[in-house]
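Open the model in your viewer and keep the selection tool at hand.

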Amino acid sequence: MTLQLSKSDILGIRSRLAIKGQAFIDGRFVDAASGETFDNISPRDGQVIAKVAACDTADVDRAVTAARRAFEAGAWRDRSPKERKKVLQRFAALFEKHMDELAVLETLDMGKPISESRTIDVNVVLDTLQWYAECPDKLYDEIAPTGPNQLATITREPVGVVGAVVPWNFPMLMASWKLAPALAMGNSVILKPAEQSPLTAIRMAELAAEAGIPDGVFNVVPGFGPTAGKAMGLHMDIDCLAFTGSGEVGKLFLQYAGQSNMKRVFLECGGKSPNIILDDVPELRVAAERAATAICFNQGEVCVAPSRLILSERIQDQFLDIVVDTARSIRPGDPLDPETKLGALVEDGHRSRVESYIAKGQEEGARLVLGGDRPDTNLGGYYVNPTIFADVKNSMTIAREEIFGPVLSTITVKDDEEAVRVANDTSYGLAAAVWTRDLSRAHRISRKLRAGSVWVNCYDHGDVTVPFGGFKQSGNGRDKSLHALDKYTELKTTWIEL
Ligand code: NAD
């Protein structure tokens, strides 16, 4: 899809934005109980764009109390499935009406190009909201095949109060993957956006209320991880915690659950995804260009970024030349410019982290073939050039740890067996790809890859109809598709002796 907005349209929308930074609790905007705020900085130019409520334990308590009250009163869960569907459809329609504004807000807040936020992010969120809005009156429960003198029903019930803690790389999108299925099943939701990117979550709460979602059913508590996030993890009255973010914080949520009420914890964490290019790659140029564009997509701040290019030694030079040429043409620039394909990294500290990995790659003996430096812009934001390493060993830090920037590590292999061994030699298991002309080879390899998504002759394809999540330390739950509903429901058996 191409962007329909011109630069002056975008700047016009930007100038008209009425940015809100308060929490949204029990159907209204409120300050943090402490009165504290924090500066919300745009990575585009390092300027403060809003003061945002710094919620902590007291605010999480308020939100949980409102969410529980709404749940117990049946304000949402006891509405007929058809009524819930109508409200959720209205929410989706309002979201659609405001997609230009939401895309600009997202780009300002976390630095991704408007050409992506307006053509990808908002459309995928809309699809997610619409798809789950249709679920409530289409799901049937079960009757067990018991004997003639019994009737046993197996019914799904909402789990209750759901906490959603999400990252900054796809702020609205990650939020929608949690809140749409959770609301569809009748739960109350408390969403904590990342401190780097709270603005679209706050706006979505306002739209949800306008659509008719009852007070207390959808709350947003912006704030920091170690305060608001931890308070949610430890809360005795949150029944389910759905998290997307780093493995390090994911592990904390498992501990928080153990220290509190054993809440169900579902994790979607990081990746170090292998993109395997075999010697019979069907269209070498297409695959090479995709290897470059996919590592630059969203500045490389993507959980499924193809950060390990596992390349057959027979085609390495020819392939890598195209990857380098393509990546060189992807120049970082102003995310609000419709021509920009590579925006700003989310914050200065994150850029330093990415740069420290680049330095580490060189120290450990990888060959820097492109980038590694900052572009010459006068924008003042947090930009870095596409960076490509060759001669990487899978034991090097840049092949093991998630960098979350436009940094590609190329590892050459001699055959399929080595490709699979290297691909699986990681603590992660989120995604993988294999490119080959040979269908049997593709099936054999994809069966051996330990990853939640495997792409054959493409990268990062999918939609709301298929589950998304990881093996190993990439997580335990699944977002999207009907499978996501399992996270937000309890199964109940009712046994009736006739
Ligand atoms: P992060 O783990 O630092 O933060 C994620 C969320 O957790 C934020 O809301 C943050 O405030 C909160 N948090 C941080 N510290 C906390 C603490 N001590 N207690 C409670 N909450 C805390 O991750 P990030 O830097 O925002 O996002 C990048 C990570 O997200 C990457 O690892 C990426 O791979 C992962 N991610 C995974 C998926 C997926 O679907 N698997 C999708 C997108 C991003």
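Start by colouring two selections: domain 1 (7-269 + 475-497) and domain 2 (274-464). These bounds come from an automatic or database domain assignment. This is a predicted model, where local features need pLDDT of at least 70, side-chain atom pairs count only at pLDDT 80 or more, and totals for chains, interfaces and linings use all residues. Residues are numbered from 1 along each chain as its sequence is written, and side-chain values use heavy atoms, with hydrogens and water left out.

Taken over C-alpha atoms, the centres of domain 1 and domain 2 lie 30 Å apart. Domain 1 brings 32 residues to the contact and domain 2 brings 31 residues; contact means heavy atoms within 4.5 Å. About 2,600 Å² is buried between the two domains, with 60% of that area from carbon and sulfur atoms. Buried area is the accessible area (1.4 Å probe) that two parts lose on being put together, summed over both. Two salt bridges cross the interface of domain 1 and domain 2. A salt bridge here is a side-chain nitrogen of Lys or Arg within 4 Å of a carboxyl oxygen of Asp or Glu.

**Salt bridges**

The rule gives a count of 37 salt bridges. Select R44 and D334: their side chains pair at 2.7 Å, N to O. Next, select K20 and E206, a salt bridge of 2.9 Å, N to O. This pair links distant parts of the chain, 186 residues apart: K20 is in the loop between α1 (7-16) and β1 (23-25), and E206 is in helix α7 (residues 199-211). Helices (H or I, at least four residues) and strands (E, at least two) are DSSP runs, numbered from the N terminus.

Now try K192 and E195, paired at 3.6 Å, N to O. Is K192 buried or exposed? K192 is buried, because its relative accessible area is 2%. E195 is partly exposed at 21%. The cut-offs are under 20% for buried, over 50% for exposed, and partly exposed in between (1.4 Å probe, protein chains only). Then select D279, D280, R314, D416 and R441, which salt bridges with shared partners join into one network.

**Helix α14**

Move to helix α14 (residues 416-424), where E418, A419, V420, V422 and A423 are buried. Their cover includes β12 (274-277), β13 (308-312), β16 (407-413) and α15 (439-448).

**Last stop**

Finish in strand β5 (residues 142-143), the place of I143. I143 counts as exposed because its relative accessibility is 59%.
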